[in-house]
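Dear colleague,

Please find below the structure that I am handing over to you, followed by a summary of what was found in it. I would be grateful if you could read the two side by side.

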Amino acid sequence: MMEWLLFRLFRRSILVRLLFIIGCLVLLFGMLIHFLEPQTFGNVFEGIWWVIITISTIGYGDFAPTTTIGRLAAIILVLIGTGFITTYFVTLSKIAVSAESAYLEGNLKFYGKDHFIVVGWNERAKLVLESYRDAFHKEDIVLIDESLTKNPMICDRVHFIKGSPSHYEVLELANARYAKKVLITADQHKTEEYADMNTIVTLVALQGLNPSIYSIVELLTKKHIQNAQNLGVNEMIKTNELISQVMYEHIFVKKVESLKKE
């Protein structure tokens, strides 16, 4: 979980990240030194001014702690400002780079809930994700595909998992047990029969982890429609029937209408 949170943090602008962390440090020590030495640092702003001058190693000398505890705080500030922050950023950067590589390669676990899973990367899935991205939906989408080598769509709301959607460990990476909805697209690189078999196997695996998930499946043959119905699928997209109907209308219906007009 920490890896994912760090990754989300480091995907933001580096300037924003640095300003946020340094700002917190400056504010904390500015208030602390004002609390420890109110006579020397009359208000929080003077404490913040001293912190900025100290960690930037400029050291004007217009403000300086005079008590032992104040100087101890100054020592801690110098150690943090010059040593610890550098080490901290290097360590976090390594973790973030590792997490980002895992994200791009589809090996980083998704921790969200009530998300939408899309199985299979193809032109249809691509258009669905592009429409989703352009519509600014709030739901997260997890794309599962075993043919891709890296995330095909870099978007805060789209998470890629590489692997077979029928494998338990892949579904765990996608946090499928907490998903709200799934769209299983047919793999048109395979024969229609084999593609539908894969769809049914994937549906069984998903329902094994999440029996209440709302399922939408794309089927190419009539043979497996009954199998999908027996599994309690919520919606079926019969691609070949839809395409053949469109073809028929273009060939015959529109031709008849054109002849009538003439």
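**Aromatic pairs and the overall fold**

Phe 63 counts as partly exposed, as its relative accessibility is 21%, and the cut-off for buried is under 20%. Phe 41, by contrast, is buried, with a relative accessible area of 0%. Please note that the model is a predicted one.

These two residues form an aromatic pair. Their ring centres lie 5.7 Å apart and their planes meet at 25 degrees, so the pair is stacked; the limit for that class is under 30 degrees. The pair links distant parts of the chain, 22 residues apart. Phe 41 belongs to the loop between helix H2 (14–36) and helix H3 (44–55), while Phe 63 belongs to the loop between H3 and helix H4 (68–105). The whole structure contains two aromatic pairs, and ring pairs join Phe 41, Trp 50 and Phe 63 into a cluster.

Charged side chains also sit over rings. Lys 109 lies over the face of Tyr 111, 5.7 Å from the ring centre. The charged end of Arg 157 is placed over the ring of Tyr 132, at 5.0 Å from its centre.

As to the protein as a whole, its secondary structure consists of nine helices and six strands. It has 262 residues, of which 36% count as buried. Of the contacts between residues at least 6 apart in sequence, 60% join residues at least 24 apart. The accessible surface is about 15500 Å², and carbon and sulfur atoms account for 63% of that surface.

With kind regards

Methods:
Residues numbered from 1 in each chain as written. Predicted model: local features only at pLDDT ≥ 70, side-chain atom pairs only at ≥ 80, totals over all residues. Heavy atoms only, no water. Helix = DSSP H or I, 4+ residues; strand = E, 2+ residues; numbered from the N terminus. Buried < 20%, exposed > 50% of the residue type's maximum accessible area, 1.4 Å probe, protein only. Contact = heavy atoms within 4.5 Å. Areas by Shrake-Rupley, 256 points an atom, 1.4 Å probe, with all protein chains shown as cover. Phe/Tyr/Trp six-rings, centres within 6.5 Å; stacked < 30°, edge-to-face > 60°. Lys NZ or Arg CZ within 6 Å of the ring centre and 35° of its normal.
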